[in-house]
Amino acid sequence: MSPSSPSKISSNFGNNGGEGGGGGGGGIVDGSDQLEPPHVLAVDDSVIERKLIERLLKSSEYKVTTAENGLRALEYLGLLEDAKENTLTNNDLKVSLVITDYCMPGMTGYELLKKIKESSNFREIPVVVMSSEKNPSRVEKCLEEGALEFMFKPLQLSDVKRLRCHMMKFDEPCNERLCVG
Amino acid sequence: MASAALNEQLASLMDSMYQEGLLDEQFQQLQSLQDESNPCFVMEVVTLFCDDAERIFTELDKLMSQPVVEFQQVDAYIHQLKGSSSSVGAQNVKLACVQFRHSLEENDREGCLQALNMVKREYLHLRGKLETMLQLEQRIQDYDKQKK
């Protein structure tokens with residue numbers, strides 16, 4: 001498995017047309033005042049779940065990158081332990097939010113959450129964990145480790161819209177925005 | 001008009017699938033995510049689901065035929081299938097998976113084989129109806145394109 005197998009990490013721009021685009025928080029403002037859609041990294045070992053969440057995220061006008069497991073996600077963020085240079089910062093990737101499945105073989109979503117929170121370059125990224133099982137100790141564990149929210153699958157469009165409240169902003173510190181998701 | 005008849009057939013098929021519990025409201029969400037810029041979304045998801053389910057059945061058959069069954073592995077696969085069926089709205093398949101996991105708790109091979117057969121049955125029943133649904137949709141699309 002080559003580190004950069006494009007079929008397992010895919011990055012696409014969301015639909016960015018019309019009314020909802022650019023409204024609310026989470027946009028990136030560059031010098032020309034153009035709002036870029038928030039960039040979400042979605043991690044799930046199930047190809048069906050990845051397809052679904054990608055569609056849900058794109059329909060809410062987010063840019064989406066998907067990864068099939070924790071390792072690929074860390075690789076994308078440049079956080080693998082054997083990476084020669086760890087110079088990638090989130091200003092390069094501009095990941096506004098990571099949403100990850102909990103139950104994954106190898107590295108669980110919890111372990112991925114921990115790695116992100118331990119990283120000086122990426123710890124500020126909001127992380128949301130999702131699961132098909134309602135396990136209170138699992139939820140608690142993730143929230144204690146710094147997950148902003150724990151969502152239950154299957155995700156609804158309303159859940160995804162609500163993510164906008166959590167999105168990391170890359171423009172100048174803006175005032176608190178009302179979450180109208 | 002052929003299109004109206006086809007649409008009626010499709011509506012009737014969908015109704016029966018919901019009524020029989022083959023599908024639940026999660027499937028409606030899938031349908032709502034299909035639009036002009038993603039016209040094949042449902043078909044793509046259904047195809048992925050079916051391919052994945054069949055892959056899982058192949059693995060389960062192997063596991064269940066071992067002299068010593070690794071029930072934990074079996075559970076892991078059923079957990080996957082339960083997750084994907086829940087996400088696509090395949091209600092009866094999901095419920096059969098839940099049943100299977102109960103019999104796994106007994107670590108009873110016979111019980112598990114029966115439960116696995118039940119999951120397969122539900123899946124095949126659903127797959128047949130989904131194929132019909134997709135064929136009808138395709139015919140309707142083709143017909144509508146012809147008219148334009």
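A charge is taken to sit over a ring if NZ of Lys or CZ of Arg is within 6 Å of the ring centre and within 35 degrees of the ring normal. In this predicted model, Lys134(A) lies over the face of Phe152(A), at 5.2 Å from the ring centre, and the charged end of Lys141(A) is likewise placed over a ring, that of Tyr110(A), at 4.4 Å from its centre.

| Charged residue | Ring | Distance to ring centre |
|---|---|---|
| Lys134(A) | Phe152(A) | 5.2 Å |
| Lys141(A) | Tyr110(A) | 4.4 Å |

Phe152(A) also takes part in an aromatic pair with Phe150(A), a tilted arrangement with 5.6 Å centre to centre and 55° between the planes. Phe150(A) counts as buried because its relative accessibility is 9%, under the 20% cut-off, whereas Phe152(A), with a relative accessible area of 31%, is partly exposed. Over all chains the structure holds three aromatic pairs, and in chain B ring pairs link Phe49(B), Phe57(B) and Tyr123(B) into a cluster.

The largest pocket holds about 580 Å³ of space. Its lining consists of 25 residues, and those nearest the centre of the pocket are Asp45(A), Cys103(A), Ala76(B), His79(B) and Gln80(B). At least two lining residues each are supplied by α1 (47-59) of chain A and by α3 (41-64) and α4 (71-88) of chain B, with α4(B) giving the largest share, eight residues. Sorted by class, the lining of this pocket comprises eleven charged, seven polar and seven nonpolar residues.

Conventions
Residues are numbered from 1 along each chain as its sequence is written. Chains are lettered from A and ligands numbered from 1 in the order in which they are written. This is a predicted model: local features need pLDDT of at least 70, side-chain atom pairs count only at pLDDT 80 or more; totals for chains, interfaces and linings use all residues. Side-chain values use heavy atoms; hydrogens and water are left out. Rings of Phe, Tyr and Trp (its six-membered ring) pair if their centres lie within 6.5 Å; planes under 30 degrees apart count as stacked, over 60 as edge-to-face and the rest as tilted. Buried means under 20% relative accessible area, exposed over 50%, partly exposed in between (1.4 Å probe, protein chains only). On a 1 Å grid over the protein atoms alone, a cavity is a set of points where a 1.4 Å probe fits but cannot get out, and a pocket is an open set with protein on both sides within 12 Å along at least five of seven lines; lining residues have an atom within 4 Å of a point. Grid points are joined across faces, edges and corners, and a volume is the space filled by probe spheres set on the points. Helices (H or I, at least four residues) and strands (E, at least two) are DSSP runs, numbered from the N terminus. Ala, Val, Leu, Ile, Met, Phe, Trp, Tyr, Cys and Pro count as nonpolar, Asp, Glu, Lys and Arg as charged, and the others, Gly among them, as polar.
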